[in-house]
Amino acid sequence: MSDLRLAPVCGIYCGHCPHLGSRCQGCGQVKGKPFWTVQMPGGICPLYDCCRRRRDLEHCGLCAEFPCKTFLELRAPSQSDAEFQKSLEERQDALRRRAEIGTEAWLAEKATR
């Protein structure tokens, strides 16, 4: 069985994050409250809040409104426009793939890269 804490709602694979284990235990583990959400209203990732709490979905790729305004606008302040655009495309592709093959298979694919 795969480690579901490495599969957040947004399409990022937490297994490649430099903060995993030090500043964060993975979005699935911290329930949408990684270290950076102290700067967010309510102290929670707005994507997690919408997807898991409001819509009870496993990830954004399963939402009928994907990609929504929140998904398309949430970005790290340190990202350049080019970095943000690349991240946005990668996350959308990842979530489409995850919706297609399921989270367990998606995690297995990500772990081998």
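**Exercise 1. Determine what share of the residues in the protein is buried.**

Solution. Start with the cut-offs: buried means under 20% relative accessible area, exposed over 50%, and partly exposed in between, with a 1.4 Å probe and protein chains only. By this scale, 34% of the 113 residues in the protein are buried. The coordinates are a predicted model, in which local features need pLDDT of at least 70, side-chain atom pairs count only at pLDDT 80 or more, and totals for chains, interfaces and linings use all residues. Residues are numbered from 1 along each chain as its sequence is written, and side-chain values use heavy atoms, with hydrogens and water left out.

**Exercise 2. Describe the secondary structure of the protein and state how compact the protein is for its length.**

Solution. Helices (H or I, at least four residues) and strands (E, at least two) are DSSP runs, numbered from the N terminus. The protein has five helices and zero strands, in the order α-α-α-α-α from the N terminus on. Its radius of gyration is 13 Å, close to the 13 Å from the globule rule for 113 residues, so the protein is as compact as a globular protein of that length. Here the radius is taken over C-alpha atoms, and the rule is 2.2 Å times the number of residues to the power 0.38. The C-alpha trace spans about 35 × 35 × 30 Å along its principal axes.

Next, take the contacts, meaning heavy atoms within 4.5 Å. Of those between residues at least 6 apart in sequence, 48% join residues at least 24 apart.

**Exercise 3. Find the aromatic pairs and classify their geometry.**

Solution. Rings of Phe, Tyr and Trp (its six-membered ring) pair if their centres lie within 6.5 Å; planes under 30 degrees apart count as stacked, over 60 as edge-to-face and the rest as tilted. The count by this rule is two aromatic pairs. For Tyr 13 and Trp 106, the ring centres are 6.2 Å apart and the planes stand at 80°, so this pair is edge-to-face. The pair links distant parts of the chain, 93 residues apart: Tyr 13 lies in the segment before helix 1, and Trp 106 in helix 5 (residues 103-111). Tyr 13 is buried at a relative accessible area of 12%, and Trp 106 is buried at 1%.

For Phe 66 and Phe 71, the centres are 5.1 Å apart and the planes at 75°, so this pair is edge-to-face. Both Phe 66 and Phe 71 are buried.

**Exercise 4. Identify the buried residues of helix 2 and what covers them.**

Solution. Helix 2 covers residues 46-54, and its buried residues are Leu 47, Tyr 48, Asp 49 and Cys 51. Their cover includes helix 1 (27-30), helix 3 (69-73) and helix 4 (81-101). Asp 49 has a relative accessibility of 15% and therefore counts as buried. Leaving aside neighbours within four places in sequence, Asp 49 is in contact with Ile 44 and Arg 54. Just after helix 2, Asp 56 takes a positive phi of about 55°.
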